[in-house]
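Please read the points below alongside the model shown here, as a colleague's note on confidence, packing and one of the pockets.

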Amino acid sequence: MRYEATYKITTPMFLAGAEQEKTPELRPPSFKGLLRFWFRAVALPKLGSWREVRKLEKELFGSTDQQSSLHLDLDIAKAENVRSADFQRKYGLIYLGYGLVNFGGKLQRPHYKGSSVFTLRLLLKNNVSEEVRFFLPLTLKALGFFGGAGARSRRGFGSLSLLSLSLDEESVWKAPTNVNELVESQKELLNTIEIKNGEESNFPDYTAFSSKTRIWVGKTGKKAIDLLNEIGLELLRYRSYGSKNGKHSLPSGEEAEQNFASDHDLIMRFCSTGKIDKHPERVVFGLPHNYYFSATRDNVQIQPTGEAGRRASPLFIHIHELGINDYAAVLSLLPAKFLPEDTKIAISTKKHGTKKVDYSIDYRIIEKFLERPAFSKKVVVWP
């Protein structure tokens, strides 16, 4: 069996090779890792347990004691390597691209620009199980409906739009050309993997589709990069306390909403007294979650204890191409157990050392982001 999946990079992709400061690089091992992630995400609802998912994952991708059933290579039809770009005054992109973009909007690493196209070719062994054959095309679709590749991909950079999918040179899927077709394609995938609509009490053990999944097409636009900037601006408005310059304002000059003033006050008290018994609410967007107060020069680091180190965001931003000058912003919330058992959240300053607190996560905080007036015309994909 031979699958071919062609993807278009719709937003700048920072996928590093051996020399990430010199050039980006599309490499098969990177995409094998991506396929592993989305395979796990789509397989769990139907299989029901990590043990069963792991068994199929080993068959498909291999392990230290089992040979892979999959050979993967890349055919790069069009991939433009850009060494410099300027996001000046695009404050949403600067916010979403923290670490890749400096505060002035200059990109810090080379990248593949939006409009680059490549094809994944996947050759399956003849004796592969029916279950693997079932989940592999769903995995390829999930990557192209909801995901991306490279640094800050959960924040919308490196978004990948699936353009075509074929099996043994015969087309098995047609790309959507409008929002309704995109939503129907996404719903079909989610129904196929048998997500339950009931409210289960437990979150999945890892990031995967589940009854608690929430997916929306939040906005549409004519330019992918401008649409991503709009999403970033809205997230900045929702989350930021603002910098004081007469009044607390955002980099754009807008007055800060300060929706999470309690987080700011909590950490300020910690800097002053060294006492703290809970974490900021905004850690739900991912860890580490750090603070710097210019007035007092206090630098506060917030991260998981132990080997966890970090917790990636459960919110996935994906910019999907529908046609020439037509894009949709897909926003997916994939809640899961936030941290491993017995893990705490460490809150540290140089002055007061480290305090450890239990974590209590409210995913509703992310859902409220999608209830903002900016998304009044959103289309609900799931549930």
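1. Residues are numbered from 1 along each chain as its sequence is written, and side-chain values use heavy atoms, with hydrogens and water left out.

2. On confidence, pLDDT is the predictor's own score for each residue, from 0 to 100; the protein averages 92, and 94% of the residues score at least 70. The lowest mean, 58, falls in strand 3 (residues 81-82), and the highest, 98, in strand 14 (residues 326-333). Helices (H or I, at least four residues) and strands (E, at least two) are DSSP runs, numbered from the N terminus. Where pLDDT is low, the predicted coordinates should not be read in detail.

3. The second largest pocket has a volume of about 330 Å³. A pocket here is an open set of points on a 1 Å grid over the protein atoms alone, where a 1.4 Å probe fits, with protein on both sides within 12 Å along at least five of seven lines, and its lining residues have an atom within 4 Å of a point. The volume is the space filled by probe spheres set on the points, which are joined across faces, edges and corners.

4. Lining this pocket are 18 residues, of which Thr10, Gly114, Ala224, Ile225 and Tyr327 lie nearest its centre. Strand 1 (2-9) and helix 6 (224-239) each contribute at least two residues to the lining.

5. The whole structure holds 22 aromatic pairs, counted when ring centres of Phe, Tyr or Trp (its six-membered ring) lie within 6.5 Å, with planes under 30 degrees apart called stacked, over 60 edge-to-face and the rest tilted. The rings of Phe14 and Phe157 have centres 5.9 Å apart and planes at 70°, so this pair is edge-to-face. The two residues are 143 residues apart, with Phe14 in the loop between strand 1 and helix 1 (28-47) and Phe157 in the loop between helix 4 (130-146) and strand 6 (160-167). Phe14 is buried, at 1% relative accessible area, and Phe157 is buried at 0%, where buried means under 20% (1.4 Å probe, protein chains only).

6. Ring pairs also join Phe37, Trp38, Phe145, Phe146, Trp173, Phe209 and Phe316 into a cluster.

7. Leu72, in strand 2 (residues 70-78), is buried at 9% relative accessibility.

Technical notes
This is a predicted model: local features need pLDDT of at least 70, side-chain atom pairs count only at pLDDT 80 or more; totals for chains, interfaces and linings use all residues. Buried means under 20% relative accessible area, exposed over 50%, partly exposed in between (1.4 Å probe, protein chains only).
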